[in-house]
Amino acid sequence: VRPPTENLEAYDLYLRGRFLVNQGGEDPRKGLRYVQQALSTDPRYALAHSGIAEAYHWLGGTGIFRLKDVLPRAQKAARRALELDETLPEAHFQLGLLAWSHEFDWSNAEKHLLRALELNPDLPQLHSLYGFFLASMGRFEESLSSLQRGVQLDPLSQIAHTWLGQVQSWLGQFPSAIDRLQTALELNPTSWHANHMLGMAYRLNSNCPEAIEAFQTAITLAGRHPWSIMELGLTYLASGSRSQAEAVYDELSSRWNQEYVPPTTLSFLSAALGRFDEAFEWLERAYDERDMLMTWVKLLPHFDPLRDDPRFTVVLKTMGLYA
């Protein structure tokens, strides 16, 4: 067995970086710095290149950085990892992740994910991510099986529990989803991601007070992240406070003119407020920006107000998901 690096300092920096990357929120910024330090310590450390791709994916995919600015860097890092070690499952994992979430290239995504699983069938995050991919393709039974396998392989992984609970909530399995997300928070109460997804599960289950509390916790942990602000607006609307939902929309649209805000967040709020022409305009921007939430167009309940509109069929066809 060939170790990934002979340099223990580089290995330590890589582990610290990946831990922070997987916490979500602002932590991927810190994680990226650690992984960059690992790479400067050992420039031929393929896992570190893969870790940089992962950090950029998080930062772009969750709207902290503008995706178009960081996607080329993520692709370059993942390809460099593969050049250094074609048998590195993490490199195939990252290329599959990018092909799925931002390139919208479903066949290439599955090819790389299956290759990664072939190289290391016991890597927990691979099963979790493949489960995510399968859910976005509408293959729900396979998805839940893969997500559960990720949890079985690493029962102490906060993100594995969060991703499983996330998909369960979108499928309407609310008791299981909430239990799973609470387990994630027992593992790490300071996870922005888990708090955010718990809030979403509560909102979808019509438990608005609990949802508002969870989103406010997420905002305390990670600042006014557009995802959590959007969800808070949807929860206000579900609670009967249209004025508060309008105020959230105004905040995000104002921020759009000054910084990157994922266009899907504005589309979801527009749709919920009944402004459908506006919602589809934002979806066009989301496709152009390669907004990661567009991969969930078949499943995410946020798209439901638009599904009966003929224009939504065009969106599905454009995404290659009309079936």
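A: Helix 1 gives the most to the lining of the largest pocket, with five residues. The model is a predicted one, in which local features need pLDDT of at least 70 and side-chain atom pairs pLDDT 80 or more, while totals for chains, interfaces and linings use all residues. Residues are numbered from 1 along each chain as its sequence is written, and side-chain values use heavy atoms, without hydrogens or water. Helices are DSSP runs (H or I, at least four residues) numbered from the N terminus.

Helix 1 covers residues 8-21, and helix 5, helix 7 and helix 9 also supply at least two residues each to the lining of the largest pocket. This pocket holds about 570 Å³ of space (a volume is the space filled by probe spheres set on grid points joined across faces, edges and corners). Its lining consists of 22 residues, and those nearest its centre are Arg18, Asn22, Gln125, Asp154 and Ser157. On a 1 Å grid over the protein atoms alone, a pocket is an open set of points with protein on both sides within 12 Å along at least five of seven lines; a cavity is a set where a 1.4 Å probe fits but cannot get out; lining residues have an atom within 4 Å of a point. By class, the largest pocket has 12 nonpolar, seven polar and three charged lining residues (Ala, Val, Leu, Ile, Met, Phe, Trp, Tyr, Cys and Pro are nonpolar, Asp, Glu, Lys and Arg charged, the others, Gly among them, polar).

The second largest pocket has a volume of about 290 Å³. Lining this pocket are Arg2, Pro3, Pro4, Thr5 and Glu6, together with Asp42, Arg44, Ala46, Leu47, Leu84, Asp85 and Leu88. That lining divides into six nonpolar, one polar and five charged residues.

One cavity of 30 Å³ or more turns up in a search of the whole structure, and the largest cavity has a volume of about 290 Å³. Around the largest cavity are 27 lining residues, with Phe132, Gln166, His193, Trp227 and Met292 nearest its centre. The helices that each give at least two residues to this lining are helix 3 (46-61), helix 5, helix 7 (124-136), helix 9 (158-170), helix 11 (192-204) and helix 13 (226-238). The lining of the largest cavity contains 17 nonpolar, eight polar and two charged residues.

Helix 5 (residues 89-101) packs against helix 6 (residues 106-119) at about 160°, with the axes 7 Å apart (axes are lines fitted to C-alpha atoms over the stretch in contact, with angles from 0 to 180 degrees between N-to-C directions). Helix 5 is therefore roughly antiparallel to helix 6 (the term covers angles over 145 degrees). The crossing of helix 5 with helix 6 is left-handed, that is, the near helix is turned anticlockwise from the far one by less than a right angle.

Helix 10 passes helix 11 with left-handed geometry. Phe174, Ile178 and Gln182 are among the contact residues of helix 10, and Asn195, Met197 and Tyr202 are among those of helix 11. This contact has 11 nonpolar, two polar and no charged residues.

With helix 12 (residues 208-222), helix 11 again crosses at roughly 160°, the axes coming within 8 Å, which makes helix 11 roughly antiparallel to helix 12. This crossing, too, is left-handed. The helix 11 side includes Trp192, His196 and Arg203, and the helix 12 side includes Glu210, Phe215 and Thr217. In this contact, 10 residues are nonpolar, four polar and two charged.

Terms used: Parallel < 35°, antiparallel > 145°, perpendicular 65-115°, else oblique. Contact = heavy atoms within 4.5 Å.
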